[in-house]
Amino acid sequence: MLAKSPEVTSSAISLRPTKARLPLSWSRSFPREPACSCNRYLIEFLEVGGILTLLEILGLEKIKEEDKKESIKLLQVIANSGRKYKELICESYGVRSIAEFLAKSKSEETQEEVQVLLDSLVHGNPKYQNQVYKGLIALLPSASPKAQQLSLQTLRTAQSIVGTTHPSIVDCVLNVLRTMHLEVQYEAIELIKDLANYDVCTVLLKGLVDLLIPSVKETSKLQPKILNDSTVLQLTAHLPVFLQQAAAAKAIGVLARSNTTLAEQMLHLRVVHSLMAAMGNMDHSNSQRQATLTLEYFVQLFPVVEEHVRKSMGEELYKLFLSNAEDLYMKIDSIQADILAANEVNVTRALNLSGLSNNNMSFYLGPPDQEQLAYITHFQDDMEGKE
């Protein structure tokens, strides 16, 4: 079989870039062999270092993309042959090589084949499933949007198999929200929905709420450029921190609508104050729109939120808000935007005074007691509030 084929021996085993060319029909013809013959063929291939050869090919610059894709397909065949073969791939530092290739590949078709391989490696591979899981997390900062999208998709499966969460997953997923690619943002929010069911839920919710008010350090990066070049004003819509702010507002809305308990938990994280602040960001209309739509849901769900938002906005702005939340960002002026950005709403303080805990949902079922839920303002500013 393999030993008798000069073409396969000289091309598949050699690691020299000029000769390491796999027969493109090999991965397609391999599964057609009789079961016993196919197994013997596979064993002979592994005995001569076949896995290492295939992994080495992925990192060679002079090898064509099509040949690298065939290497991935061959690795799929090996991985699908059973648990011990998946372990052999992982023991050969396969996860790292495959993940690096996914991040560097310029072919979306090839990247999708890599996803199939990684998905195979995470199933039925208890010894190394954590290694695959960590490799997928390491791919999230990738510069390739397709690699990010596929990694996020596979991570959802890997997370359900592994069960426990890695400490870095929350920060990595939240950073992905800076993307300007909607397909990547969608997959990130889907993973966030899954992670809300794990032990990182509190950290995740706090991280999302914090993203609604970008730090002064982040937003000031563009200031010197704006002063020197007016054309830079056109780029503020794509400033990563604003993209992240809008995506966070959207994700909070998705979580709140899917689970009322999560919505209540976020009330205790001052989500209302942060959403209103995001509504005042006139540098990014999508942040205003997403924050407004999410706040509208909180107002409809919790009477205590409706009361505080009305008092903070004032009757005129509040009527605009109620009439058409989705288009509010196009109707408010700079003064109203400043009122929103500098709001002092503190629903958490009111909830604490009323004696409501995170497990008590009675406050949204009926009108709140006006004396107990007296409006209490607490000006919170990242810098000035501590002075």
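## Exercises on a helical model

Of the 387 residues in the protein, 49% are buried, where buried means under 20% relative accessible area with a 1.4 Å probe, protein chains only. The model is predicted, so local features need pLDDT of at least 70 and side-chain atom pairs count only at pLDDT 80 or more, while totals for chains, interfaces and linings use all residues. Residues are numbered from 1 along each chain as its sequence is written, and side-chain values use heavy atoms, with hydrogens and water left out.

### Exercise 1: the whole protein

Task: find how many helices and strands the protein has.

Solution. Step one is to count the DSSP runs, numbered from the N terminus: helices are H or I with at least four residues, strands are E with at least two. This gives 23 helices and zero strands. Step two turns to contacts, meaning heavy atoms within 4.5 Å. Among the contacts with a separation of 6 or more, 71% are between residues 24 or more positions apart.

### Exercise 2: L195

Task: work out whether L195 is buried or exposed, and which residues L195 touches.

Solution. Start by locating L195 in helix 12, residues 182-195. Next, look at its relative accessibility: the value is 0%, so L195 counts as buried. Then list its partners, not counting residues up to four places away in sequence: L195 touches Q159, T165, I169, V173, V200, C201 and L204. Finally, compare sequence with space: L195 and V170 are 25 residues apart in sequence, and their C-alpha atoms are 8.3 Å apart.

### Exercise 3: T348

Task: find which backbone oxygen the side chain of T348 reaches.

Solution. Now follow its side chain: it reaches the backbone oxygen of L267 at 2.9 Å. Leaving aside neighbours within four places in sequence, T348 is in contact with L267, H268, L269 and R270.

### Exercise 4: a pocket

Task: describe what lines the second largest pocket.

Solution. Begin with the lining, which has 17 residues, with L58, G59, L60, F101 and K104 nearest the centre of the pocket. Helix 4 (50-58), helix 5 (65-79) and helix 7 (94-104) are the elements that each give two or more residues to this lining. To finish, sort the lining residues by class: six are nonpolar, four polar and seven charged. Here Ala, Val, Leu, Ile, Met, Phe, Trp, Tyr, Cys and Pro count as nonpolar, Asp, Glu, Lys and Arg as charged, and the others, Gly among them, as polar. A pocket is an open set of points on a 1 Å grid over the protein atoms alone, where a 1.4 Å probe fits, with protein on both sides within 12 Å along at least five of seven lines; lining residues have an atom within 4 Å of a point.

Terms used
Buried means under 20% relative accessible area, exposed over 50%, partly exposed in between (1.4 Å probe, protein chains only). A polar contact is a pair of N or O atoms within 3.5 Å; within protein, one must be able to donate a hydrogen and the other to accept it, and residues adjacent in sequence count only if both atoms are side-chain atoms.
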